[in-house]
Amino acid sequence: MRQLRGSKSVLLVVPILAMLVLTNFGVLAQGGPPPPDAAPGSVGFQGALLAAIDTSVAPGYRLQLAESVFEPGAYVTSHVHPTAIVVCVQSGALGFALQHGSAMVTRFALAPKPPAADPLLADSDIVQQQLLPGTDIVLEPRDCVAFDHFAAPTSHTGWNLSDGPTVLIEARLVKTDEQFTTFIDDQGTPLPRSLPCERERLCSSMSRPARTAAEKWAISAHFFAFDIFRGLLHTSQWLEKRCFSAFG
């Protein structure tokens, strides 16, 4: 009986060690903003155009409905869209930062005011308020952010703050045959043309440039951690079979 209890203890310790390894390597940690040295582009992002229609009331513009998915740890560096857009979170949590322009945030909450720590404009009895450049917020399910790039050029970044996929639904009014996403550098200068996602059924990673050394190391560490976890899991299963065969 003592040997059986000891074997059970080993079986419990192995998964715990695996969890610790994965946590130390950041596999189970939530994501954050793009690293300061991140190359312009996106990591872990996919977008799909669901439907679109050319409007007679606004010739030269198209109304689109799209879905964007941020995988765990995903982010998109600073970029602009020539559009008037409303983005709502369907699941997960989105980190959103505004560098230039103006945006409106709508909170889905029973309380009439956003949390006191929210970096929005002054207290108000409404849940829709203006977002100031230089601030970042967290958007949760049924929260929305909207901006009109035609009225004020707007650049922003986004990242996944949940430990699972974050899914967005976007309503866009875009210029026909114009590139939807343009990445910009720290000075706000547009970078060379990227993949025109509004013309593709599915865009994966928005044709991001080569990864930085830090990103390559992080990816290698993640794969290494998963290999360790898989090995520990197989060891745990093997020990369990041996224990039950020996004491069963």
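## Burial and overall fold

A residue counts as buried when its relative accessible area is under 20%, as exposed when that area is over 50%, and as partly exposed in between. By this criterion, 39% of the 248 residues of the protein are buried. The model is a predicted one. Its exposed surface comes to about 14000 Å², and carbon and sulfur atoms supply 62% of that area.

The protein has two helices and twelve strands. Read from the N terminus, the order of elements is α-β-β-β-β-β-β-β-β-β-β-β-β-α. Among contacts with a sequence separation of 6 or more, 78% come from residues 24 or more positions apart.

## Salt bridges

Three salt bridges are present in the structure. One of them joins the side chains of Asp143 and Arg107, with an N to O distance of 3.1 Å. This pair links distant parts of the chain, its members being 36 residues apart. Asp143 sits in the loop between strand S7 (136-139) and strand S8 (144-148), while Arg107 lies in the loop between strand S5 (103-106) and strand S6 (128-131). Asp143 has a relative accessible area of 5% and is therefore buried. Arg107, at 12% relative accessibility, also falls under the 20% limit, so Arg107 counts as buried.

Glu170 and Arg172 form another salt bridge through their side chains, at 2.9 Å from N to O. Glu170 is classed as buried because its relative accessibility is 8%. For Arg172 the relative accessible area is 8%, so this residue is buried. A further salt bridge brings together the side chains of Asp54 and Arg62, with 2.8 Å between N and O.

Which strand holds Val145? Val145 belongs to strand S8. With a relative accessible area of 2%, Val145 is buried.

Leaving aside residues up to four places away in sequence, Val145 touches Ile85, Val86, Val87, Phe96, Ala103, Met104, Val105 and Leu139.

Strand S2 (61-80), strand S4 (94-100) and strand S9 (155-160) each supply at least two of the lining residues. The most is given by S4, which provides three residues.

Conventions. Residues are numbered from 1 along each chain as its sequence is written. This is a predicted model: local features need pLDDT of at least 70, side-chain atom pairs count only at pLDDT 80 or more; totals for chains, interfaces and linings use all residues. Side-chain values use heavy atoms; hydrogens and water are left out. Helices (H or I, at least four residues) and strands (E, at least two) are DSSP runs, numbered from the N terminus. A salt bridge is a side-chain nitrogen of Lys or Arg within 4 Å of a carboxyl oxygen of Asp or Glu. Buried means under 20% relative accessible area, exposed over 50%, partly exposed in between (1.4 Å probe, protein chains only). Contact means heavy atoms within 4.5 Å. Accessible areas come from the Shrake-Rupley method with a 1.4 Å probe; for residues, only the protein chains shown count as cover.
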